[in-house]
Amino acid sequence: MKQWEVVIGIETHAQLSTRSKIFSGSSTAFGAEPNVQASAVDIALPGVLPVLNKQAVECAIRFGLAVGATVAPKSVFARKNYFYPDLPKGYQISQFELPVVVGGQLTIQLGDLEKTVNLTRAHLEEDAGKSLHEDFQGKSGIDLNRAGTPLLEIVTEPDMRSSAEAVAYAKALHALVRWIGICDGNMQEGSFRCDANVSVRPVGQKEFGTRREIKNLNSFRFMQQAIDYEVQWQIATIEDGGRIEQATVLFDPDSGETRAMRSKEDAHDYRYFPDPDLLPLIIDSEWIERARAAMPELPVAKRDRFMADFALSVYDASALTGSLEVADFFEATLAVCGQTNAKICANWVTVDLAARLNKESREIGESPVSAAMLGGLIARIADSTISNNIAKKVFEALWNGEEKSADDVIEKQGLKQITDTGAIEKLIDDVLAANAGMVAEFKAGKEKAFNALVGQAMKATKGKANPQQVNDLLRAKLGA
């Protein structure tokens, strides 16, 4: 059986977080009535001239710095000519031969393994409008509100070898553009959408196979499903004696299949030429340095610092730096409970809190339990005021808004851990006396009987004793 290698490259359109469009003052706000945000400039009426949005350029510079790319001192806008109903100009202003960002790399994490994905380029361009097919029987509507919205198109080298790697890259890029504040990453609204170029080749072959481009993937789950289906389809087609034709395809989430949208030749005749209405974009070193000074600490640097300063594992540090909001929440929590509790703090943020947020489909910024509240809770675990089991009850009370601090919950519900050894020993003596049968079973070699006795002892203390202390005292009294 022939072995196959998968080859994947990703093109991503990230909508830049500017209030106005890339070449006009029209609003970029989402959800307006159709065609109320399309100005004369956006649809290129005679006599209008585009004016470049400086903030869009700032976003491109920030991205270039974040991925270690070259920010071009000179880049040029070109007209990409093609006809489509939602492209009112008959051309799209983009960058072709001289893009604003060249090269760069993005590190992705798959479990404990790291991989570097190389970037080819990132260029500025305007978005087209949107065709609406569902609302009109037998007709299509055109909404030009999106026309002229600023995009940064980010193109990778064909470096990924599985759908898992492609999704890991897309997630890392999604986190990065949000982290540096250039894109809100809202995939449902189309602010972050990916196209995956997928091909297969026999293992050991240097030449790439014929690729098919899966367009407009707007969820990570759909991306994985689409690539997996496409890979299996291409392999099956070749093994059945067929031939892969280069094409653009769409993924149907209902059927889980890709379907050809149109054939695609190796080269397009877009008749690119420099836009005569726009001067070359000149970015000097001072502009770049100002942008660098305003950059936040980047995810990889923060991850490495968490590992060095707090002795966290690669897994924990990576989970905490998956988004800027989570990283900030962790550091704010740690500021309350102390750096010596970094590991338990990491566990609470990435496991307990994350699970509850996911259950209720909330972002961490919407958490009813603030960083200060969680830090206070962890501090009470660390100083043995409460056990881990009791802490979950306290967390639940805080989540439900019953009190404003862990201390208030502990005080009002009487949850303080029993630490008096004498008092615990007396309760254990009572448990042993009342459960002579279990004691006999344990002495006969049945370990399960010991666990049952621990349960009875914890029940007698109403869960307020330290489980390890109960365990140790019980074994001592049983001579184990």
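Trainee: Before we start, what should I know about the model?

Mentor: Residues are numbered from 1 along each chain as its sequence is written. The model is predicted, so local features need pLDDT of at least 70 and side-chain atom pairs count only at pLDDT 80 or more, while totals for chains, interfaces and linings use all residues; side-chain values use heavy atoms, with hydrogens and water left out.

Trainee: How do I read a sheet, and what is the strand order in the open sheet of three strands?

Mentor: Strands (E, at least two residues) and helices (H or I, at least four) are DSSP runs, numbered from the N terminus. Two strands pair if DSSP finds at least two bridges between them. Here the order is S5-S4-S16, with antiparallel pairing. Strand S5 (91-95) and strand S16 (273-274) stand at the edges with a single partner strand each, so one side of each has no neighbour in the sheet. Strand S4 (residues 77-81) is joined to S16 by two bridges, and Ala78 stands opposite Pro274 in S16.

Trainee: Which strands pair with strand S8 (residues 113-126)?

Mentor: Among them is strand S6 (residues 101-102), antiparallel over two bridges, where Val102 has Arg121 in S8 as its bridge partner. Strand S7 (residues 105-110) also pairs with S8 in the antiparallel sense, over six bridges, and Gln109 stands opposite Glu114 in S8. Strand S11 (residues 150-156) runs antiparallel to S8 and is joined to it by seven bridges, with His123 facing its bridge partner Glu153 in S11.

Trainee: How many residues lie between the strands in the hairpin of S7 and S8?

Mentor: Two, and in that hairpin Gly111 takes a positive phi near 65°.

Trainee: Which residue other than glycine has a positive phi near 55°?

Mentor: Asn216 is one of them, and Ala311 is another. Asn216 sits in strand S13 (residues 212-217), whereas Ala311 lies in the loop between H5 and H6. For accessibility, buried means under 20% relative accessible area, exposed over 50%, and partly exposed in between (1.4 Å probe, protein chains only). Asn216 is partly exposed at 47%, while Ala311 counts as exposed at 68%.

Trainee: Is Glu165 buried or exposed?

Mentor: Glu165 is buried, with a relative accessible area of 14%. Glu165 belongs to helix H2 (residues 163-179). A polar contact is a pair of N or O atoms within 3.5 Å; within protein, one must be able to donate a hydrogen and the other to accept it, and residues adjacent in sequence count only if both atoms are side-chain atoms. In this case a polar atom of the Glu165 side chain lies 2.9 Å from the backbone nitrogen of Arg161. Contact, in turn, means heavy atoms within 4.5 Å. Setting aside neighbours within four places in sequence, Glu165 is in contact with Ile108, Leu110, Lys115, Asp159 and Met160.

Trainee: How many disulfides are there?

Mentor: A disulfide is a covalent bond between the sulfur atoms of two cysteines. The rule used here asks for a pair of cysteine sulfur atoms within 2.5 Å, and by it the count is zero. The sulfur of Cys183 is 9.1 Å from the closest cysteine sulfur, in Cys59, which is too far for a bond. For Cys194, the closest cysteine sulfur is in Cys183, 10 Å away, also too far for a bond. Cys183 is buried at 3%, and Cys194 is buried at 0%.

Trainee: What can I check in helix H8 (residues 342-359)?

Mentor: Start with length: the expected span of a helix is 1.5 Å times one less than its number of residues. The 18 residues of H8 should span 26 Å, and its end C-alpha atoms are 25 Å apart, which agrees. Next, look for a bend, the angle between axes fitted to the seven residues ending at a residue and the seven starting there. H8 bends by about 35° at Leu353. Its buried residues include Trp348, Val349 and Leu353. The helices that the buried residues of H8 pack against include helix H5 (299-310) and helix H9 (371-382). After H8 comes Ser361, with a positive phi near 50°.

Trainee: Which residues are buried in H14?

Mentor: Ala449, Phe450, Leu453, Val454, Ala457 and Met458 are buried in H14. They pack against helix H12 (421-434), helix H13 (436-443) and helix H15 (467-478). Just after H14, Lys462 takes a positive phi of about 60°.
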